[in-house]
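Hi,

Here is the structure I promised to pass on. Have a look at it first, and then read my notes below.

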Amino acid sequence: MYSLKDEYDVRALTFEYHGIAKREMDSAKAIAAKAEVMEHRLFRLPDLKEAEDIPGGEFAGLPPTYMPLRNSIFYSIAGSYAEEKRVPLIVGGHNMDDAEVFRDVRSEFFEALERTLWLGSTILNRRRTRIRRPLSRKTKVQVVKLAASLKVPFELTWSCHRVGMEHCWECAGCLSRLESFREAGINDPLAPFNQTKVT
Ligand SMILES: [Zn+2]
């Protein structure tokens with residue numbers, strides 16, 4: 001969003017699925033407002049659950065944040081939104097580290113999905129609406145560095161998987177955030193102590 005906002009009219013789309021932390025939704029709204037997007041659409045999917053919220057939800061060693069067919073669902077809805085608004089680009093923020101874990105973040109998936117959207121929609125087909133993933137070749141550490149250079153308001157971001165008003169700094173999301181900022185050598189304004197690497 002921050003790499004595109006000066007060049008394009010940006011619309012943001014956030015999915016409110018089952019069990020999403022209220023703070024994560026608040027954070028998405030605050031960042032979209034700060035980026036002055038044309039519209040921030042919230043799409044509610046209250047029955048869509050992550051593996052940790054599905055009874056007996058073990059999915060071949062995938063993490064608790066795995067959601068069955070997450071991106072097939074999310075990008076079909078994004079395609080519908082793109083058709084409604086006649087936009088030429090759908091942009092996702094998946095990074096290289098995500099693609100190592102989840103099948104529905106890989107290039108083959110998005111290439112096939114783009115074709116599917118064109119086959120299913122006269123308007124998307126005519127406009128050749130593309131799915132772009134500008135962070136797909138970057139690690140989380142590189143994403144943090146890029147975000148710092150784009151002046152992304154880190155104080156408004158949210159990484160914790162737990163429900164609460166503050167980051168817990170213990171869950172997988174928080175630990176990954178701590179490690180990424182530390183390795184990037186960038187101070188996280190939300191961290192409870194200074195994360196900058198001492199050399
Ligand atoms: Zn946490």
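Phe15, Tyr17, Phe43 and Phe74 are linked into a cluster by ring pairs. Rings of Phe, Tyr and Trp (its six-membered ring) pair if their centres lie within 6.5 Å; planes under 30 degrees apart are called stacked, over 60 edge-to-face, and the rest tilted. Before going on: this is a predicted model, where local features need pLDDT of at least 70 and side-chain atom pairs count only at pLDDT 80 or more, while totals for chains, interfaces and linings use all residues. Residues are numbered from 1 along each chain as its sequence is written, and side-chain values use heavy atoms, with hydrogens and water left out.

Back to the rings. The count comes to seven aromatic pairs. One of them is Phe15 with Phe74, which is stacked, at 4.0 Å centre to centre and 10° between the planes. Phe15 lies in strand β1 and Phe74 in helix α2, so this pair ties together parts that are 59 residues apart in sequence. (Helices, H or I with at least four residues, and strands, E with at least two, are DSSP runs numbered from the N terminus.) Phe15 and Phe74 are both buried, meaning under 20% relative accessible area; exposed is over 50%, and partly exposed is in between (1.4 Å probe, protein chains only).

Tyr75 and Phe110 make an edge-to-face pair, 4.9 Å centre to centre with 75° between the planes. Tyr75 sits in helix α2 and Phe110 in helix α4, so parts 35 residues apart in sequence are tied together.

Now for the metal. Which residues are the protein donors of the zinc ion? They are Cys160 (SG), Cys168 (SG), Cys171 (SG) and Cys174 (SG), lying 2.3 Å from the zinc ion. Donors here are N, O and S atoms within 2.8 Å of the metal (3.2 Å for Na, K and Ca), and water is not among the atoms, so sites may look incomplete. Along the chain, the donors follow the spacing C-x7-C-x2-C-x2-C. Cys171 is buried, with a relative accessible area of 8%, whereas Cys168 counts as partly exposed at 23% relative accessibility.

Enjoy exploring!
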